[in-house]
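User: I keep running into words with cut-offs behind them, and I'd like to see how they get used. Could you take me through a structure that way?

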Amino acid sequence: MNLFLDQITFHGNQDLEVTDEMKLSIAAQACLPIVNSPVWYDTLRTILVYPSGFRTGRNTHDGFVVHESDIGTLGESWARGPVVLSWDHALQGGLDAEDGHNVVIHEFAHQLDSLTGHTNGLPILRKGQAFLGWEKAMLDAYHGHVERVESGRPTLVDAYGATNHQEFFAEAIVTFFEKPQALRREEPALYAQLAELLALDPARWAGADR
Ligand SMILES: [Zn+2]
């Protein structure tokens, strides 16, 4: 987190003053996925913070912008930076570790994904992690997820993950941290791949969901 805070410059939008508390909260959530990993947010230098959900007039389909629509946009991740966040939602994500939502982890999952140069749901795999095993686990889980969403059934991973491979990757990472035991039970192959990728096993952490 110290390295992260040293590397990143925060900018408040709409007159938001970015406090040390905000920086720490965002840094803690952003660093969680890579806490035990050799990968690093190499190219990221800037985080823009809005007070709440925001509107952007940018083209969202140029392959560089990813953003989430709800009432407004909660967050964006640009390949090679920046990350843009709603502070309201970043704070809420930090306060509730089990509701299945976390915009900071979601956007930083996109950052991890982008380190290959392509934001496509295929991150840099762990040394020794077999591509075929990864691909099968992700595609099986993704196709099952899309089917359930399309037939209106409830899903463990947020329905937004059915948008495309990169959104499924981001939401799967969020679920991995927010509902690890449920994910391990329902999608054991996916859970195992994410656990290997990040070298973390949150289902075993004290206080994990049942
Ligand atoms: Zn996204």
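Predicted model: local features only at pLDDT ≥ 70, side-chain atom pairs only at ≥ 80, totals over all residues.

User: Why is A172 called buried?

Analyst: Its relative accessibility is 0%, and the limit is under 20%, so A172 counts as buried. The residue sits in helix α6, residues 165–178. Leaving aside neighbours within four places in sequence, A172 is in contact with V157, L183, L190 and L194; contact means heavy atoms within 4.5 Å.

User: How far is A172 from Y142 in sequence and in space?

Analyst: The two are 30 residues apart along the chain, and their C-alpha atoms are 9.4 Å apart.

User: How much of the protein is buried?

Analyst: Buried residues make up 48% of the 210 residues.

User: What makes something a helix or a strand here?

Analyst: Both are DSSP runs: helices are H or I with at least four residues, strands are E with at least two, and the numbering starts from the N terminus. By that rule the protein has eight helices and five strands. Read from the N terminus, they come in the order α-β-α-β-β-β-β-α-α-α-α-α-α.

User: How do you know that the radius of gyration agrees with a compact globule?

Analyst: The rule is 2.2 Å times the number of residues to the power 0.38, and the radius is taken over C-alpha atoms. For 210 residues, a compact globule would come out near 17 Å; the protein has 16 Å, so the two agree. Along the principal axes, the C-alpha atoms fill a box of roughly 45 × 35 × 35 Å.

User: Why are K136 and D140 said to form a salt bridge?

Analyst: A salt bridge needs a side-chain nitrogen of Lys or Arg within 4 Å of a carboxyl oxygen of Asp or Glu. K136 and D140 are at 2.5 Å, N to O, so they pass. Both lie in helix α5 (131–150), four residues apart, about one turn of the helix. K136 is exposed, at 53% relative accessible area, while D140 is partly exposed at 45%.

User: How many salt bridges does the structure hold, and which is another one?

Analyst: The structure holds three. One of them joins E187 and R148 at 3.3 Å, N to O, which is within 4 Å. That pair links distant parts of the chain, 39 residues apart: E187 is in the loop between α7 (180–186) and α8 (188–198), and R148 is in helix α5. At 24% relative accessibility, R148 is partly exposed.

User: What makes R204 and D201 a salt bridge?

Analyst: Their closest N and O atoms are 2.8 Å apart, again within 4 Å. R204, at 66% relative accessibility, counts as exposed because that is over 50%. D201 has 26%, so it is partly exposed. Side chains of opposite charge can pair when their charged atoms come close.

User: Which peptide bond is cis, and where is its proline?

Analyst: The bond joining G81 and P82 is cis, with omega about -5 degrees. P82 is in the loop between β4 (73–78) and β5 (83–86).

Technical notes. Residues numbered from 1 in each chain as written. Heavy atoms only, no water. Buried < 20%, exposed > 50% of the residue type's maximum accessible area, 1.4 Å probe, protein only.
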